[in-house]
Amino acid sequence: MKAPGRSAVIVRNGTVMALVVAACNHLALPEGLFLALGVLTILETDLGGGLLAGRERIIGTLLGLLAVVISAGILGGLSSALGVFLGLTLVRLFGFAAGLTSGFVVGGHMVAGSLMNHGDAWWHYVFWRMVMTILGVILGVVVSRQIVSQRSSSAWQASCDGWLRDLAHVLERLPGIPEPEQRFASLREHRNALRRQLPQLAAERTLIHGQPDEAVLRAQHQLQHGSTVMSAARDLCLLLQEEAPVAWVPPGLIPRLMGAGRTRVEALIQGRDAPDAAADLRRCQEQLSAALPGTDPPPQDARNQLLIVSRLLLLSDALIRLPRSPQHPGRPDAGR
């Protein structure tokens, strides 16, 4: 499925929100505002991110309800200030226990809104706010999945392909990379951002398929082996700048390995396996393994040579194991 454009998403969100607000007003739904907010929470992001945001909103609402019941039961109507203090404290504690990152804010609003603004009628407010929030999240998920759907899998893979493409450029210029520390720091930040997006990818695939599928496993493998490529390239960038010659490595092997690695990564991004490049990487591995010394410990002055060979072996192995991306265009798993 082709990723929708921004204009289509804006039109979808505006139309859906206008219809939801109009329906809430026409039907005079109690606390209908929170139905609209529940829908908006899902529509603000792609399907995977919306699922996580909706989960946080529902759990935060339920924890807020529990905190209000406890606070009102302990203090009754004696002091709204003490009730709010106790309720907010409980919401925060419950939020920590539930592992929420933002849902406790919703619970806090529920506590303050009920105990400060609704007095003895707080139960009516919290009940309908809970019901409308849950209905809004469910409606938002249906809309986000069925109408001009934005998918985490498409966005994640596009970002990961960009990261892999940057790794291919690093291999092309190794070891003469200008400002290597900044370059690899940027690659690490990009990799960490991809890792943080894995939960929403898993949530989306679980909703669609009933459990995390091959797309999540492939994403994990791409990050795992791509990280190994990045680490080995960083070490080699430093080791190959030494003045000592690389005596253990056959002449021309390093440029050949880097070229085959770059070719394979670029092919994998396009959804191809690049068997010729993989075969060349295996031949490089065999030559490097044969260049290692026997069982006797190498002399102290050969430590740098051993480090270079070990990193080259690690790099070639990670490049061989790196899985391919889904094919372009219209990746089959991006819209299922």
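In helix α3, Glu56, Arg57, Gly60, Thr61, Gly64, Leu65, Ala67, Val68 and Ser71 meet Gly103, Val106, Gly107, Met110, Val111, Ser114 and Leu115 of helix α5. Sorted by class, this contact between α3 and α5 has seven nonpolar, seven polar and two charged residues. The model described here is predicted.

**Packing of α3 and α5**

Two packed helices are described by the angle between their axes and by the distance between those axes. Helix α3 covers residues 47-75 and helix α5 covers residues 103-117. The two pack at an angle of about 40 degrees, and their axes are 7 Å apart. The crossing of α3 past α5 is right-handed.

**Val137 in α6**

Val137 belongs to helix α6. Is Val137 buried or exposed? Its relative accessibility is 6%, so Val137 counts as buried, the limit being under 20%. Apart from neighbours within four places in sequence, Val137 is in contact with Gly38, Val39, Ile42, Gly54 and Ile58. Leu51 is 86 residues from Val137 in sequence, yet the C-alpha atoms of Val137 and Leu51 are 8.5 Å apart in space.

**Positive phi in two loops**

Most residues other than glycine have a negative phi. Glu31 has a positive phi, near 55 degrees, and is not a glycine. Glu31 is located in the loop that runs between α1 (6-27) and α2 (33-43). Val148, also a residue other than glycine, has a positive phi near 45 degrees. The loop that holds Val148 runs between α6 (122-146) and α7 (152-173).

Both residues fall in the partly exposed class: Glu31 has a relative accessible area of 23%, and Val148 has a relative accessibility of 28%.

**Cysteines and accessibility**

How many disulfides are counted? The count is zero, where a disulfide would need a pair of cysteine sulfur atoms within 2.5 Å. Cys24 is buried, because its relative accessible area of 8% is under 20%. Cys237 is buried as well, with a relative accessible area of 1%.

The table gathers the accessibility values.

| Residue | Relative accessible area | Class |
|---|---|---|
| Glu31 | 23% | partly exposed |
| Val148 | 28% | partly exposed |
| Val137 | 6% | buried |
| Cys24 | 8% | buried |
| Cys237 | 1% | buried |

Conventions: Residues are numbered from 1 along each chain as its sequence is written. This is a predicted model: local features need pLDDT of at least 70, side-chain atom pairs count only at pLDDT 80 or more; totals for chains, interfaces and linings use all residues. Side-chain values use heavy atoms; hydrogens and water are left out. Helices (H or I, at least four residues) and strands (E, at least two) are DSSP runs, numbered from the N terminus. Buried means under 20% relative accessible area, exposed over 50%, partly exposed in between (1.4 Å probe, protein chains only). Axes are lines fitted to C-alpha atoms, for helices over the stretch in contact, and angles run from 0 to 180 degrees between N-to-C directions. A crossing is left-handed if the near helix is turned anticlockwise from the far one by less than a right angle, and right-handed if clockwise. Contact means heavy atoms within 4.5 Å. Ala, Val, Leu, Ile, Met, Phe, Trp, Tyr, Cys and Pro count as nonpolar, Asp, Glu, Lys and Arg as charged, and the others, Gly among them, as polar.
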